[in-house]
Amino acid sequence: MIYETIISSIDMQGVAHVTPFGTRMQDGLVVISPFKPSTTLSNILATGYAVVNLTDDVRVFAAALTSRSVGSLVAATQVHGVRLSEVLAHKELKLVKFEDDDVRPQLFLEVVHEEYHQPFQGFNRAQAAVIELAVLVSRLKRLPLEKICQEMDYLTIAIEKTAGPRELEAWGWLIEMVENHKAALNFENLA
């Protein structure tokens, strides 16, 4: 099972990087498998630490993918790193094992500290639709545009039926990314 989360990491100079990431659990460890090249991969290998941020605010996922502010950051409690200040919970991680691969290496991280900050209120179909579109946007250069557009058409149903202001804002940012990608492809085809 893959959980959609937000990973925060820092480089050796303390510069933060925040990005959506699918994580999974294996033998009590958090496992992430970033595509190369990856800032998150470089940061974790350099420092040995990361933080999993758990949020139901899908704007954070969309903001990270569209170069918008993801919110404020605060120092992690027990590891050298940062976390988002407005999350439901966070888990501070320490790298314990690395399996290299030419395309998608695997990082195995131990949870050394976790905190719960806000209660989970429940699921919203529009939130799930935004997360699905965020995954597609993160793969704009890997997936055929036709597939992305077909998926977007279907996901729009949930947005139209169940979205609140946060989901609509996030959806708009992601749609803008897809439209910019379409325009860039059309420009390349004209050249």
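At what angle do helix α3 and helix α4 pack, and how far apart are their axes? The first close-up takes that up, and everything shown comes from a predicted model.

**View 1. Helices α3 and α4 pack against each other.** Helix α3 covers residues 125-138 and helix α4 residues 145-162; they pack at an angle of about 160°, with their axes 8 Å apart. Angles over 145 degrees count as roughly antiparallel, so that is the label for α3 and α4. Their crossing is left-handed. From the α3 side, look for Arg125, Ala126, Ala129, Val130, Glu132, Leu133 and Leu136. The residues they meet in α4 include Ile148, Met152, Leu155 and Ile159, along with Glu151 and Lys161. Sorted by class, the contact of α3 with α4 has 11 nonpolar, 1 polar and 4 charged residues.

**View 2. Six strands close into a barrel.** To see where β1 (residues 3-10) pairs with β4 (residues 49-54), look for 3 bridges in the antiparallel sense. Here Ile7 stands opposite Val52 in β4. Helix α1 (residues 39-47) packs on the sheet and touches β1, β2, β3, β4, β7 and β8. The direction of α1 makes about 55° with that of β1.

**View 3. Strand β3 pairs with β2 and with β8.** On one side, β2 (residues 16-26) and β3 are antiparallel over 3 bridges, and Gln26 has Leu29 in β3 as its bridge partner. The hairpin of β2 and β3 has 2 residues between the strands, and Asp27 takes a positive phi near 50° there. The pairing of β3 with β8 (residues 106-116) is also antiparallel, over 3 bridges; Val30 has Leu109 in β8 as its bridge partner.

**View 4. Side chains of β3 point two ways.** In a regular strand, side chains alternate between the two faces of the sheet. Strand β3 (residues 29-32) has Leu29 and Val31 pointing one way, with Val30 and Ile32 pointing the other. All of these are buried.

**View 5. Asn180 sits in helix α5.** The helix spans residues 165-190. Is Asn180 buried, partly exposed or exposed? Its relative accessibility is 45%, so Asn180 counts as partly exposed. For a sense of distance, pick Gln127, 53 residues from Asn180 along the chain: their C-alpha atoms are separated by 23 Å.

Key:
Residues numbered from 1 in each chain as written. Predicted model: local features only at pLDDT ≥ 70, side-chain atom pairs only at ≥ 80, totals over all residues. Heavy atoms only, no water. Helix = DSSP H or I, 4+ residues; strand = E, 2+ residues; numbered from the N terminus. Buried < 20%, exposed > 50% of the residue type's maximum accessible area, 1.4 Å probe, protein only. Axes fitted to C-alpha atoms, helices over the stretch in contact; angles between N-to-C directions. Parallel < 35°, antiparallel > 145°, perpendicular 65-115°, else oblique. Left-handed = near helix turned anticlockwise from the far one by under 90°. Contact = heavy atoms within 4.5 Å. Nonpolar A, V, L, I, M, F, W, Y, C, P; charged D, E, K, R; others polar. Pairing = 2+ DSSP bridges.
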